[in-house]
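Here are my comments on the structure you sent. They are written as numbered points, to be read with the structure open.

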Amino acid sequence: MSTTTSPELSPARTAVSGARRLFDSGATRPPAARVGQLRALRAMLTENEPAFEAALWSDLHKSGGEAQLTEIGVTLAEINHTLRHLRRWARPRRGPVPASLRPARARLVSEPLGVVLVIAPWNYPVQLLLDPLAGVLAAGNTAVLKPSELAPATSALVARLVPRYFPDGAVRVVEGGVPETTELLAQRFDHIVFTGSGTVGRVVMRAAAEHLTPVTLELGGKSPVWFDDDARLRQAARRIAWAKFTNAGQTCVAPDYVMTTPDRVPALVDALKDAVADLWGADPRTGRDYGRIVNERQFDRLVGLLEGTDVVVGGDHDRAERYIAPTVVLVPSGGERPAVGPDAAHPVLREEIFGPVLPVVAVESAEEAVRVVNGWDKPLALYVFSSSARTRRLFEQHTSSGAVAHGAGLVHVAATGLPFGGVGASGMGAYHGVHSWRAFSHLKPVLRKPLAPDTLRLVQPPFTGLGLRL
Ligand code: NAD
């Protein structure tokens with residue numbers, strides 16, 4: 001946290017100027033240095049796994065298994081994938097030169113951008129901070145990390161470990177909330193990766209515009225699900241429930257609501273109920289594997305969303321423990337108003353839920369569901385559980401979203417090498433694997449043309465009226 005009133009000595013300024021000095025020295029550019037930084041990042045995670053697990057338990061009641069799967073393991077997989085492919089990505093490539101410019105040669109050379117700011121949210125406080133960092137370091141940049149103040153144990157752990165594993169200062173941590181982030185954003189960066197809400201995303205983009213700093217914005221939204229796969233109802237319900245209620249629904253790509261036809265609603269609700277019992281037991285509160293809501297503010301917001309709904313699964317909650325059971329709701333139709341969207345009758349169908357409340361929404365057909373999706377902001381993910389290839393194509397070709405997954409939720413994020421990012425209101429830019437490399441490097445064309453023969457003479461005045469075309 002900021003402890004000083006002197007702007008020159010504030011942690012934000014110190015971190016940025018230190019990271020810039022190191023970048024300007026060129027020390028982070030050589031391939032061996034990049035590999036060294038990635039290995040240091042991997043060692044920081046593997047040598048402190050119990051401490052990371054404890055921090056995630058303290059911040060979010062994440063079990064060891066879930067912490068490994070969704071935070072530590074996925075980040076290690078990203079680091080290992082990057083280490084495996086880094087040299088190939090870094091190799092300069094031959095660029096095309098049209099006949100009219102020959103003789104000449106062109107190469108495409110990737111260069112680092114400089115100092116990159118990574119601002120992370122609280123819901124996956126390890127993965128969403130360190131996964132982008134792997135790409136930032138691989139590309140030869142230095143980094144300033146701003147973990148979320150709402151995951152304080154993870155934030156403190158990262159702040160304690162980073163100086164130990166990056167003694168040269170290639171990675172620096174600034175802890176804190178709005179004032180500290182505001183001060184950071186007043187500094188000049190060469191790229192900013194922000195993961196969080198659209199509201200703060202706009203703040204970040206405005207601040208970045210002052211310095212013409214490019215941004216990657218990883219935002220949220222309401223990710224829809226379509227279900228009509230009657231033959232695989234139980235399997236589909238289990239996957240929908242798992243994707244929704246992991247981390248107590250606090251996942252940017254969690255299914256936000258499920259659409260199906262009215263006749264399928266009762267069977268789907270029953271199957272979701274069974275799936276929840278299978279996965280987290282009759283009373284998820286007593287198991288180690290079910291998470292908690294991050295704070296009381298979010299707890300109150302989520303409980304408020306239940307008002308006026310018909311709770312058909314779960315619904316019990318306890319403020320002292322910040323526990324909300326995996327909950328499925330039906331929402332009375334709002335008459336002529338749209339089923340879901342900015343004008344829907346109930347807030348649970350208007351706002352990003354970001355918690356363990358899953359509305360099942362009856363719509364007449366898949367075509368109607370497509371109209372619902374297209375009626376407002378483009379979501380971060382769209383999930384389709386359908387045995388019909390025509391229906392799968394319908395969603396793929398007639399909607400727009402950060403990603404589409406058929407038959408599974410969440411897992412596309414773990415497919416290292418696929419770009420992860422939103423579109424429209426769910427974000428801009430993407431990262432993971434080679435896409436991180438592209439996002440955090442500048443692809444610089446380098447053209448070399450011999451002075452002789454002097455073919456450029458042909459395009460220089462005085463023009464001879466030969467009608468030369470390039
Ligand atoms: P948030 O936008 O409130 O906070 C994100 C970060 O911004 C935090 O580090 C916070 O300290 C900082 N911040 C907050 N207010 C600020 C301000 N006024 N000025 C400057 N910085 C500020 O988001 P959150 O509550 O931590 O996370 C939830 C949101 O993030 C949801 O909308 C979710 O969908 C989205 N999300 C997206 C992804 C993705 O990969 N696309 C992943 C996780 C979460």
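**Notes on the ligand site and the sheets**

1. In the ligand site, an oxygen atom of the ligand has a backbone N or O atom of Gly196 at 3.3 Å. Taken by itself, the ligand exposes 840 Å², and the protein buries 88% of that area. Please keep in mind that this is a predicted model.

2. A polar side-chain atom of Glu149 is 2.6 Å from a ligand oxygen atom. For Trp122, an N or O atom of the side chain is 2.9 Å from an oxygen atom of the ligand.

3. How many residues surround the ligand? There are 25, and the closest are Ala120, Glu149, Ser197, Leu219 and Glu352.

4. Sorted by class, the shell around the ligand holds 14 nonpolar, seven polar and four charged residues. Helix α7 (178–185), strand β6 and helix α8 each supply at least two residues of this shell.

5. Strand β6 also belongs to a sheet. Six strands form this open sheet, in the order β5-β4-β3-β6-β7-β18, with mixed pairing. Its edge strands are β5 (171–173) and β18 (427–428), each of which pairs on one side only. As background, strands of a sheet pair through backbone hydrogen bonds, either parallel or antiparallel.

6. Strand β4 (residues 142–146) runs parallel to β5, and three bridges link the two. Leu145 has Val173 in β5 as its bridge partner.

7. Which strands does helix α5 lie across? Helix α5 (residues 127–138) lies across β3 (115–119), β4, β5 and β6 (191–195), and runs at about 170° to β4. Helix α8 (residues 198–210) packs on the sheet too, where it touches β3, β6, β7 (215–218) and β18. The direction of α8 makes about 180° with that of β7. Recall that α8 is also one of the elements that supply residues to the ligand shell.

8. Strand β2 deserves a separate look. Strand β1 (residues 93–95) and strand β2 (residues 105–112) run antiparallel and are joined by three bridges. Here Arg94 stands opposite Arg107 in β2.

9. Strand β2 also pairs with strand β20 (residues 441–448), again antiparallel, through eight bridges. In this pairing, Arg105 stands opposite Arg448 in β20.

Note on methods. Residues are numbered from 1 along each chain as its sequence is written. This is a predicted model: local features need pLDDT of at least 70, side-chain atom pairs count only at pLDDT 80 or more; totals for chains, interfaces and linings use all residues. Side-chain values use heavy atoms; hydrogens and water are left out. Two strands pair if DSSP finds at least two bridges between them. Helices (H or I, at least four residues) and strands (E, at least two) are DSSP runs, numbered from the N terminus. Contact means heavy atoms within 4.5 Å. Axes are lines fitted to C-alpha atoms, for helices over the stretch in contact, and angles run from 0 to 180 degrees between N-to-C directions. A residue is near a molecule or strand if one of its heavy atoms lies within 4 Å of it. A polar contact is a pair of N or O atoms within 3.5 Å; within protein, one must be able to donate a hydrogen and the other to accept it, and residues adjacent in sequence count only if both atoms are side-chain atoms. Accessible areas come from the Shrake-Rupley method with a 1.4 Å probe; for residues, only the protein chains shown count as cover. Ala, Val, Leu, Ile, Met, Phe, Trp, Tyr, Cys and Pro count as nonpolar, Asp, Glu, Lys and Arg as charged, and the others, Gly among them, as polar.
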